[in-house]
Amino acid sequence: MERAAWPAPRSLALRVVAAAVVVLALAHLAERRAARCLVPLFRAEIGLLADSFVVDDARVAPDGANETVRFRANLARPLAIDGRVAYPFGWNGRPEGGFQVTYTVGGILAYSALMLIAVLAWPAERMRELALRAALALAFAAVLLLTEVPVTVSAELWNGLYDLLGLHRTSGWMIASRFLMGGGGYVIALAMAAAAIVSAQHASLGAHRRAAPHGRSVVPIK
């Protein structure tokens, strides 16, 4: 089986720098618009992941020098945890309020940007291979975009509820969020980039072999 030559370190480093400049510049220009487009999807997904809460408001909002996606939520219903009952804010005359979680707009595209840098920096032998790689990368980017923010917000909502009740507990969403924010998200992004590169290379090579004309040989008759 043919194997692509490993790129020279200097050439690969230059490609990484070039890809990083392009991807990060585009990400900076697009991050606010992307956040606005993704807010409804984030809100719907949080409603599925943390269905004990209802998101009353979700929007892009300034927070000092940064722009954030701000989520405001309340309990959907009274909830009993470890013998204690938490009631929604405003329930039967209780004080109004809620839980608020913010996420920096600049962080939304971080994992996808890293994956795209790796995908674009690695050399491709054929345009077909590059096109397949790009298609896979877009699909993986969608998964990354719809994972980090909803998981983190769900984790913070549960953490806020536990703090309110004085419970020393850690939700499964918090474990997942800490894994992602502790570097796991970047590892997953690089693994997705590798999967896109290898899958596109194999698919392109197979298509190239099928399209190539069959070789002929002439054997002299003695």
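This is a predicted model: local features need pLDDT of at least 70, side-chain atom pairs count only at pLDDT 80 or more; totals for chains, interfaces and linings use all residues.
Reader: What percentage of the residues count as buried?

Author: Of the 222 residues, 36% count as buried. Buried means under 20% relative accessible area, exposed means over 50%, and partly exposed is in between (1.4 Å probe, protein chains only).

Reader: What is the secondary structure, and in which order?

Author: There are five helices and five strands, and along the sequence they follow the pattern α-β-β-β-β-β-α-α-α-α. Helices (H or I, at least four residues) and strands (E, at least two) are DSSP runs, numbered from the N terminus.

Reader: Which residues account for 69% of the contacts with a separation of 6 or more?

Author: Residues 24 or more positions apart account for that 69%. Contact means heavy atoms within 4.5 Å.

Reader: Now the strands. How do β1 and β2 pair?

Author: Strand β1 (residues 53-63) and β2 pair in the antiparallel sense over 10 bridges. Two strands pair if DSSP finds at least two bridges between them. V55 has A73 in β2 as its bridge partner.

Reader: What about the hairpin, which residue takes a positive phi there?

Author: G64 does, near 70 degrees, and the hairpin has two residues between the strands.

Reader: How many residues of β2 are buried?

Author: Seven of the 10 residues of strand β2 (residues 66-75) are buried, and the strand is mostly covered. T68 lies in β2 and counts as buried at 4% relative accessibility.

Reader: What does T68 touch?

Author: Leaving out residues up to four places away in sequence, T68 touches R59, V60, A61, D63, T102, Y103, T104 and V105.

Reader: Switching to charges. How many salt bridges are there in the whole structure?

Author: A search of the whole structure finds six salt bridges. A salt bridge is a side-chain nitrogen of Lys or Arg within 4 Å of a carboxyl oxygen of Asp or Glu.

Reader: Which residue meets E67 in one?

Author: R32 does, at 2.5 Å, N to O. E67 is in strand β2 and R32 in helix α1 (residues 9-49), so the pair ties together parts that are 35 residues apart in sequence. E67 counts as partly exposed at 29% relative accessibility, and R32 counts as partly exposed at 36%.

Reader: And R70, which partner does that one have in a salt bridge?

Author: R70 forms a salt bridge with D57, the closest N and O atoms being 3.6 Å apart. That pair links distant parts of the chain, with R70 in strand β2 and D57 in strand β1, 13 residues apart. R70 is buried, with a relative accessible area of 17%, and D57 is buried, also with 17%.

Reader: Where do R169 and D82 lie?

Author: R169 forms a salt bridge with D82, with the closest N and O atoms 3.3 Å apart. R169 lies in the loop between α4 (148-165) and α5 (172-211) and D82 in the loop between β3 (79-81) and β4 (84-86), so the pair ties together parts that are 87 residues apart in sequence. R169 is partly exposed, with a relative accessible area of 37%, whereas D82 counts as exposed at 55%.

Reader: Which residues do salt bridges with shared partners join into one network?

Author: They join D57, R59 and R70.

Reader: Which residues of α2 are buried?

Author: Y111, S112, A113, M115, I117, V119 and A121.

Methods:
Residues are numbered from 1 along each chain as its sequence is written. Side-chain values use heavy atoms; hydrogens and water are left out.
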